[in-house]
Amino acid sequence: MKSKKLCVMKHCLSEDLGEELIILDIESGLYHSLNKTASIIWSEIKEKSPSLEELIKILKKDFHSARIFSDCNYFVNELLEKKLIEYK
């Protein structure tokens, strides 16, 4: 079975401001500010639509932390709950 891909919702716009990334949810009118690490995760999802497993593999190349799986999973779940991303 093929893993579902993570995709940015169509009603979300984002802009990289260097030290942070801003997401605008057009439906709710809410802005979300992401730190540098969260911005990397967002950009990977936006550009590559990876599965969660693929995303974690990508992040493990740049981050050498034992918590990468739990931290990434937590952040992805937050994005899903806020309806900023979805599985397809």
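1. Basis. The model is predicted, so local features need pLDDT of at least 70 and side-chain atom pairs count only at pLDDT 80 or more, while totals for chains, interfaces and linings use all residues. Residues are numbered from 1 along each chain as its sequence is written, and side-chain values use heavy atoms, with hydrogens and water left out.

2. Helix α1. Helices and strands are DSSP runs numbered from the N terminus (helices H or I, at least four residues; strands E, at least two). Helix α1 covers residues 36–48, 13 residues in all, and its first and last C-alpha atoms are 18 Å apart. That is close to the expected 18 Å, where the expected span is 1.5 Å times one less than the number of residues.

3. Ends of α1. Just after the helix, Ser49 has a positive phi of about 45 degrees.

4. Buried positions in α1. Buried means under 20% relative accessible area, exposed over 50%, and partly exposed in between (1.4 Å probe, protein chains only). The buried residues of α1 are Ala38, Ser39, Ile41, Trp42, Glu44 and Ile45.

5. Nonpolar core. A nonpolar core is a set of buried Ala, Val, Leu, Ile, Met, Phe, Trp, Tyr and Cys residues joined through side-chain atoms within 4.5 Å. The largest one here has 21 residues, and Trp42 and Leu55 have the most contacts inside it. At least two residues each come from β3 (21–25), α1, α2 (52–62) and α3 (68–81). The most comes from α3, with 5 residues.

6. Leu55. Contact is taken as heavy atoms within 4.5 Å. With neighbours within four places in sequence set aside, Leu55 is in contact with Leu6, Ile41, Glu44, Ile45, Pro50, Cys72 and Val76.

7. Cysteines. How many disulfides are there, if a disulfide is a pair of cysteine sulfur atoms within 2.5 Å? The count is 0. For Cys12, the nearest cysteine sulfur is that of Cys7, 12 Å away; Cys12 is buried, at 9% relative accessible area. For Cys72, the nearest cysteine sulfur is again that of Cys7, at 15 Å. Cys72 is buried too, with 2% relative accessibility.

8. Salt bridge between Glu54 and Lys5. A salt bridge is a side-chain nitrogen of Lys or Arg within 4 Å of a carboxyl oxygen of Asp or Glu. The whole structure has 4 of them. In one, the side chains of Glu54 and Lys5 meet at 2.8 Å, N to O. This pair links distant parts of the chain, 49 residues apart: Glu54 is in helix α2 and Lys5 in the segment before β1. Both residues count as partly exposed, Glu54 at 34% relative accessibility and Lys5 at 25%.

9. Further salt bridges. Glu44 pairs with Lys48, with the closest N and O atoms 3.0 Å apart. These two are separated by about one helical turn because they are 4 residues apart in helix α1. Glu44 is buried at 14% relative accessibility, whereas Lys48 is partly exposed at 49%. Another salt bridge joins the side chains of Glu86 and Lys88 (3.7 Å, N to O). Glu86 is partly exposed at 26%, and Lys88 is exposed at 54%.

10. His11. This residue lies in the loop between β1 (6–8) and β2 (12–16). Is His11 buried or exposed? At 13% relative accessibility, His11 is buried. The side chains of His11 and Asp25 make a polar contact of 2.8 Å; such a contact is a pair of N or O atoms within 3.5 Å, and within protein one must be able to donate a hydrogen and the other to accept it, with residues adjacent in sequence counting only if both atoms are side-chain atoms. Beyond four places in sequence, His11 is in contact with Leu24, Asp25, Ile26, Glu27 and Lys83.

11. Ser51. Located in the loop between α1 and α2, Ser51 is buried at 3% relative accessibility. Not counting residues up to four places away, Ser51 touches Ser3, Lys4, Lys5 and Leu6. Ser51 and Tyr87 are 36 residues apart in sequence, with their C-alpha atoms 8.3 Å apart in space.

Key. A disulfide is a pair of cysteine sulfur atoms within 2.5 Å.
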